[in-house]
Amino acid sequence: MEDALIIAGKTIKSRFLLGTGKFSSYALMKEAIEASGAHIVTVALRRVDKESKSEDILSFIPRDRILMANTSGARNADEAIRIARLARAAGCGEWVKIEVISDNKFLLPDNAETIKATEVLAKEGFIVMPYVNPDLMDARRLKDAGAASIMPLGSPIGSNKGLRTKELLSILVEEIDLPIIVDAGLGRPSEAAEAMEMGCDAVLVNTAVAAADDPVLMARAFALAVEAGRYAWRAKPALVNKYAKASSPLTGFLR
Amino acid sequence: MSFFDVLKDFDGFDFKAFFEKVSDVDILYALNKPCLDDLDLLSLLSDKAAPHLEDMAQKSHELTLRNFGRVIYLYAPLYLGNFCDNECLYCGFKHGNAIERKKLSLPEVEKEARAIVATGIRHILILTGESRSKTPVSYLKDCVLLLKKIFSSISIEVYPLEAEEYKELIEAGVDGLTLYQETYDRDLYRHLHPCGPKSDFAYRLDAPDRACRMKMRSLSIGALLGLADFRKEAFFLGLHAVYLERRYPDVELSVSLPRFQRTVSDFLPAFSVGDADLVQIMTALRLFLPRAGINISTRESRALRSDLVGLGVTRMSAGSKTEVGGYCLDEKTQGQFEVADKSGVGEVKKMICDKGYQPVLKDWQTL
């Protein structure tokens, strides 16, 4: 496939990843997944209910998607590891987004604990996608620990504030030889396009879609913006000039 | 420094003078700030904020939507026993009330639990009166070990425990603590709780700290609205929440807003808290605590609970019985208080769906 996104050896059909929390119904969530074309869909294990046939979130995820369990609720590495193992036992597969949050007010990820969990789970055969603050040294440690991608935040979860961490993200894009997926904080499709234009490999969105008045339409809008941003990155945009090009150049006499 | 010290700092505070001085400008300022301080909360709780209720509701809705989405988490209470050594003037279970007393045997606990889980409920809140002799921690632990095979999350609303006892129950499978201070007014507390272990205000006030130190996952605190001036009570509830949020940032914190409901006691609360007052409390607390859960129980009517969806509430009890044995046993006691919303779980779910929200029955599982 041209310009394929490959994670852990698997070709990912869409650079737009969708989270499944906060929707007003599972039916609407399913519609949004379908409208977005998202190939990777994250689900919090805490919401998976195998006891309930009619209300288990997993039964609303289209079968042709990659299910990525997330460890929402984990306060440290040990809890994240236990949740990942429970997710695999519950049939959620090998893909896991490590989310360790020890501060419920700002919901910022705990990088140190995330690295510890990544080391253990990667060795156990999980495809580990860690959600982190965009820190270069931690990203290197995660790569060494066996992470399949790095998922730095654009701004705090649910804040819809956009790419506030842009400078740090651009360092990761330049230095880390793993897919960089902006996860959290994107509020508008234009911000997703901006992340892609700067060379990020994909974006993951949840709140901005689920909390929109029309989540299905917004899911589609994000998917298109991600595609457009990727095209723009590949097209290598012309450089931005601070000054207008003089029509009577000062060095004209040298010609 | 404990929260008791924070409370004491306000001993000389002139609430009356503050409320008189609050202006429209103060309210508008608080409404437009990204992060509110203590006195902003108090301004929003003043009667001067009442004309701004719609603006408060709009902002509360927006914050709740962004932080929690269009979902309402459901749970149900399971009363294990109503033996009690306290004489709380307002409570249906108080020691001096000549009511039938009962403690569920483990087979009865299982029967009740099966009846609840059959309704779809996956999060359970277990309750007892305060009797260390009739319902000791060892009994609670036996119940938890049984219930964790049936429910995905277990919270406790029992008498305050020692830190080591919280640890024991957490290790057995408890992940949440609900504990209401009832009132933050120390003089009134002394009057309302004349004897029994609950008369120790500070021991109860510090119980959430003890549980959090032992790594309790979630915590719900509250004041019984109607006992004292609700503006002050909601203010101290907000301060208590912020104190806990800062000290134990990994705890999932909720505030509960129970209004007094009639019990078998003939106690009448000194203050009335109207529906508009409740909305003011809820929206002011949401603006002050954007990330905290807000809990509205079946103490409130079905119609009001429906109207409150979207205003800030994130958690509701459903299909509640406040009698010991209330779900399926032939022998049941009187309830602790009168339930206003008698809807079954299915009806509560439908009400939430009709409001364009999703009722969520499972949001945790024992690790």
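## Strands of chain A and the build of chain B

Ala69(A) stands opposite Val96(A) in strand β6 of chain A (residues 95–98). Welcome to this predicted model, in which local features need pLDDT of at least 70, side-chain atom pairs count only at pLDDT 80 or more, and totals for chains, interfaces and linings use all residues. Residues are numbered from 1 along each chain as its sequence is written, while chains are lettered from A and ligands numbered from 1 in the order in which they are written.

**Around strand β5 of chain A**

- Strand β5 of chain A covers residues 66–70, and four of its five residues are buried (20 or more other C-beta atoms, placed from the backbone, within 10 Å of their own), so the strand is largely enclosed by the rest of the structure.
- Strands here are DSSP runs of E with at least two residues, and helices are runs of H or I with at least four.
- On one side of the pairing story, strand β4 (residues 40–44) of chain A runs parallel to β5(A), joined by five bridges; Ile40(A) stands opposite Ile66(A).
- β5(A) also pairs with β6(A) in the parallel sense, over two bridges; pairing takes at least two DSSP bridges.

**Chain B as a whole**

- Chain B contains 15 helices and nine strands.
- Its C-alpha trace spans about 60 × 45 × 40 Å along the principal axes of chain B.
- Of the 367 residues in chain B, 53% are buried.

Methods:
A residue is buried if 20 or more other C-beta atoms lie within 10 Å of its own, exposed if 12 or fewer, and partly exposed in between; C-beta atoms are placed from the backbone.
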